[in-house]
Amino acid sequence: MIALILASSSILTTAQQAGRSAFTVFNSTGRLPPTCSQGYSAGRDEVLYTVPYTYPQVLSIIGSFANITWNGITATTLNGTDNTVGTARTFDYFGLRLIETIKTYEKPVHGPYFEDHTIAPSYNPATNLSLYAFTDALTATPVCDGTAVALNFTAVFCSTDVGAAGKIFQSIHLMHAMTLQEFLGNKTWTGCAYSYGCHGQNHHGDRWGYGW
């Protein structure tokens, strides 16, 4: 988990003023601003992780938008039909009240699985952090002749503190991947029997503040 430094009251006031535009757009239209609002900067984070389990095994854990206990979240409110575009879930995480709405949902029998949602503007007064995301996506692709699944967590976001937000996304997504692995039996992927189509090792990226 990430510990963020508490900001002074003057900085807090500045961040609230800077964040007002994004919150106003969302609250009045239900849509995210088309670009990062004034006071926000663009960021992107990506985590790649492979688990040595089959695609059906992985789907048995991640295959419900409503059930994210594998994310360490048990209290989730859903406003519509599970796994349906337009359905939103709400929960508290890292001091933020998050509202995530499905943009794209694909779960073919043989893969790859793809789920992409937006994150509505959210503000944590304790850490002086505002953020929202156009994309917070998970792709799960069968690899190694079906004996493993390659996970790709990608977030494209705007924040008043891109560095702190990027570290949060990276920490959360890496934790999700490792928790999924633990739920499935906690075997560690060591590579395919052959080199084609597989990464050599699990790794994660930390790209933020460089645009999209």
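Tutor: A residue is called buried when its relative accessible area is under 20%, exposed when that value is over 50%, and partly exposed in between. With these terms in hand, one may turn to the model, which is a predicted one.

Three salt bridges are present in the structure. One of them joins E100 to R89, with 2.8 Å between the closest N and O atoms. This pair links distant parts of the chain, since R89 belongs to strand β3 (residues 88–93) and E100 to strand β4 (residues 96–106), eleven residues apart. Both E100 and R89 are buried.

Another salt bridge is formed by D92 and R97, whose closest N and O atoms are 2.4 Å apart. R97 has a relative accessible area of 48%; because this value falls between 20% and 50%, R97 counts as partly exposed.

A further salt bridge brings together the side chains of K103 and D116, at 3.3 Å from N to O. Here, too, distant parts of the chain are linked: K103 lies in strand β4 and D116 in strand β5 (residues 113–124), 13 residues apart. The two partners may be considered in turn. K103 is partly exposed, with a relative accessible area of 35%. D116 has a relative accessible area of 7%, and is therefore buried.

Technical notes:
Residues numbered from 1 in each chain as written. Predicted model: local features only at pLDDT ≥ 70, side-chain atom pairs only at ≥ 80, totals over all residues. Heavy atoms only, no water. Salt bridge = Lys/Arg side-chain N within 4 Å of Asp/Glu carboxyl O. Helix = DSSP H or I, 4+ residues; strand = E, 2+ residues; numbered from the N terminus. Buried < 20%, exposed > 50% of the residue type's maximum accessible area, 1.4 Å probe, protein only.
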